[in-house]
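Let us walk through this protein step by step. Keep the sequence and the 3D view side by side as you read.

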Amino acid sequence: MKTESIEIRPRSEEKESAPLVRQSFRIPVSEKESVHVIIKQKTYRVSNIGQEGVGIRSDRLSGLKFGEIYTNCELILQNERFKGLTGKIIHYSPSASGQLEHGIRWIGLDAEQRQSLEAVFLQMKSCALENNDRKISKI
């Protein structure tokens, strides 16, 4: 074997004792809802939505890459369309279905875009917590 293997480093006790905390609230999007995002002229179903971005699932050949920034994205909700968004792929991980779950953060939003997206998100969050139709525990 001529190539070196990846170095394995022990985990720090400090880091392990700290609980993992999600930085932002995300709302799961059910299959019956029509929420999509268009990136590079390809439409993806949104699996969850947050105040700062969305989660999507795609096959492994989607062409979306970690750290890449995509311009002219479009978020399509049932009755609203947000055009001209810029999204950055901030994470990806495999899902149980074998697809990849990609996290997209909106960047460079102007004040109007930020306010409009926030209003829609807060409305969806309120409905989700009221209806509790996504198995969200009330605190």
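Of the 139 residues of the protein chain, 34% count as buried. Buried means under 20% relative accessible area, exposed means over 50%, and partly exposed lies in between, with a 1.4 Å probe and protein chains only. The accessible surface of the chain comes to about 10300 Å². Carbon and sulfur atoms hold 49% of that surface. Such areas come from the Shrake-Rupley method with a 1.4 Å probe, and for residues only the protein chains shown count as cover.

This is a predicted model, so local features need pLDDT of at least 70, side-chain atom pairs count only at pLDDT 80 or more, and totals for chains, interfaces and linings use all residues. Residues are numbered from 1 along each chain as its sequence is written, and side-chain values use heavy atoms, with hydrogens and water left out. The score pLDDT is the predictor's confidence in each residue, from 0 to 100. The mean for the protein chain is 79, and 76% of its residues reach 70 or more. Over residues 3-11 the pLDDT is below 50. Beyond near neighbours in sequence, that stretch has one contact in the model. A contact means heavy atoms within 4.5 Å. Where pLDDT is low, the predicted coordinates should not be read in detail.

Now the layout. The protein chain has two helices and seven strands. Helices (H or I, at least four residues) and strands (E, at least two) are DSSP runs, numbered from the N terminus. From that end, the order is α-β-β-β-β-β-β-β-α. Among these elements, helix H1 (residues 13-17) has the lowest mean pLDDT, 51. Strand E5 (residues 69-76) has the highest, 96.

How are the strands E6 and E7 joined? Eight bridges link them, and they run antiparallel. Two strands pair if DSSP finds at least two bridges between them. E6 and E7 form a hairpin with five residues between them. In the turn, Gly 98 has a positive phi of about 90°. Gly 87 has Trp 106 in E7 as its bridge partner. E7 also runs antiparallel to E4, with six bridges. There, Val 54 stands opposite Ile 104 in E7. Six of the eight residues of E7 are buried, so this strand is largely enclosed by the rest of the structure.

Next, look inside. A nonpolar core is a set of buried Ala, Val, Leu, Ile, Met, Phe, Trp, Tyr and Cys residues joined through side-chain atoms within 4.5 Å. The largest one here has 26 residues. Ile 39, Ile 56, Leu 75 and Trp 106 touch the most other members. Helix H2 (111-131) gives the most to this core, with five residues. In soluble globular proteins, nonpolar side chains tend to be buried together.

Leaving aside neighbours within four places in sequence, Leu 75 contacts residues including Val 54, Trp 106 and Leu 117. On the same terms, the contacts of Ile 49 include Leu 75, Phe 121 and Met 124. Ile 49 lies in strand E3 and is buried, at 4% relative accessibility.

Finally, find Ser 58 in strand E4. Is Ser 58 buried or exposed? Its relative accessible area is 4%, so Ser 58 is buried. A polar contact of 3.3 Å joins its side chain to that of His 102. A polar contact is a pair of N or O atoms within 3.5 Å; within protein, one must be able to donate a hydrogen and the other to accept it, and residues adjacent in sequence count only if both atoms are side-chain atoms.
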